[in-house]
Amino acid sequence: MRESMWTMYERVLSRLRRTRRRETEEFRRWLETSANLRHLTALFALPLLIAGITAISDRVSMLSFLLYPPLASGTYTLFSDPNGRYASPRNFVGSLGTGAVCGWFSVYFSETYLHIPDLQPLHAHPITAALAVFLTLVTTWSLSLELPAAFSTALLAVVVGVHQPTYVLSVIISSLIVISIFSVWHTEVYQKRSRYLYQSTSGDDHVLVPMRGEYAEGAAMFAAKLAAAHDAGKVVLMDIGDEDAIEKARGSGRSSETETLVMEPDD
């Protein structure tokens with residue numbers, strides 16, 4: 001009785017181990033897709049970053065709560081497309097900071113020179129909002145700092161009626177925190193994901209190219225680009241010759257260095 005129970009226990013344990021290995025292997029294969037890795041990272045990184053900045057803002061009065069919507073939008077843009085046009089410290093910090101400056105300046109200019117009454121929270125003036133968007137467009141285009149979240153930082157300053165330049169400083173500080181964490185992840189994890197995730201680092205990375213037809217050299221160059229995507233990638237060129245070419249190669253003395261395999265065309 002005891003032996004049968006022990007045997008049953010071992011079978012169940014072995015089945016659980018096989019299931020766990022299979023599930024782990026399937027998850028690893030799913031994670032090898034770059035799009036899945038980016039979405040999974042954003043799923044965890046975005047809430048954690050916002051939670052961390054929220055905890056800091058509760059202790060540092062300089063960090064305004066107004067920056068959360070544009071910061072979340074910009075952070076998702078970074079992790080969803082880490083090699084895109086917006087994924088650079090200059091674009092991220094510069095665009096968010098530029099939008100904040102334009103929003104704050106539009107409020108100041110409207111109240112000082114356009115004689116618009118003091119803007120109150122949640123009571124934005126149409127001229128001030130239009131001015132903030134116009135300044136953001138002109139400034140980001142001229143400085144090549146296009147980022148959609150820049151309009152959020154500009155309009156938030158108008159909607160809330162920001163009168164202190166500390167809002168701009170809080171946007172810059174928070175964006176620097178985000179871009180620093182993103183840069184570490186991008187350099188140490190995302191760019192080196194083949195080292196941690198991809199298991200096909202030997203024969204599966206070899207690209208076999210039949211050297212036949214008028215586009216053989218172009219195919220070889222394309223195969224080289226494919227193999228260059230992996231650290232262990234190699235290109236193997238295969239040429240097809242007739243019996244005369246084989247005999248000529250043997251007569252030239254190269255048979256001792258290379259092994260020639262003759263195959264029928266149907267094979």
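Predicted model: local features only at pLDDT ≥ 70, side-chain atom pairs only at ≥ 80, totals over all residues.
**Core.** Next I looked up the largest nonpolar core, which has 29 residues. Phe 92 turned up again: together with Leu 78, Phe 79 and Tyr 167, it touches the most other members. I then checked where the core residues come from. Helices H2 (34-59), H3 (68-80), H4, H6 (149-160) and H7 each put in at least two. H7 gives the largest share, eight residues.

**H4 against H7.** I went on to the pair H4 (residues 89-112) and H7 (residues 166-190). Their axes come within 9 Å and cross at roughly 165°. The cut-off for roughly antiparallel is over 145 degrees, so I noted H4 and H7 as roughly antiparallel to each other. The crossing of H4 and H7 is right-handed. Then I wrote down who makes the contact. From H4 I have Pro 89, Phe 92, Val 93, Leu 96, Gly 97, Ala 100, Val 101 and Trp 104. From H7 I have Tyr 167, Val 168, Val 171, Ile 172, Ser 175, Leu 176, Val 178, Ile 179 and Ser 183. I sorted these contact residues by type: 14 are nonpolar, three polar and none charged.

**H4 against H5.** What angle do H4 and H5 make where they pack? I get about 145°, with the axes 8 Å apart. The crossing of H4 and H5 is right-handed. On the H4 side, I found Arg 90, Thr 98, Gly 99, Cys 102, Gly 103, Phe 105, Ser 106, Val 107, Phe 109 and Ser 110 in the contact. On the H5 side, I found Thr 128, Leu 131, Ala 132, Leu 135, Thr 136, Thr 139, Thr 140 and Leu 143. By type, the contact of H4 with H5 splits into eight nonpolar, nine polar and one charged.

**Leu 114.** Last, I picked a residue in the loop between H4 and H5 (126-143), Leu 114. I have its relative accessibility at 38%, so Leu 114 counts as partly exposed, since that class lies between 20% and 50%. Which residues does Leu 114 touch, leaving out those up to four places away in sequence? I found Phe 109 and Ile 127. I also checked Leu 114 against Thr 128: the two are 14 residues apart in sequence, and their C-alpha atoms are 9.4 Å apart. Both Phe 109 and Thr 128 were already in my H4 and H5 contact list.

How values were computed. Residues numbered from 1 in each chain as written. Heavy atoms only, no water. Axes fitted to C-alpha atoms, helices over the stretch in contact; angles between N-to-C directions. Helix = DSSP H or I, 4+ residues; strand = E, 2+ residues; numbered from the N terminus. Parallel < 35°, antiparallel > 145°, perpendicular 65-115°, else oblique. Left-handed = near helix turned anticlockwise from the far one by under 90°. Contact = heavy atoms within 4.5 Å. Nonpolar A, V, L, I, M, F, W, Y, C, P; charged D, E, K, R; others polar. Core = buried A, V, L, I, M, F, W, Y, C linked by side-chain atoms within 4.5 Å. Buried < 20%, exposed > 50% of the residue type's maximum accessible area, 1.4 Å probe, protein only.
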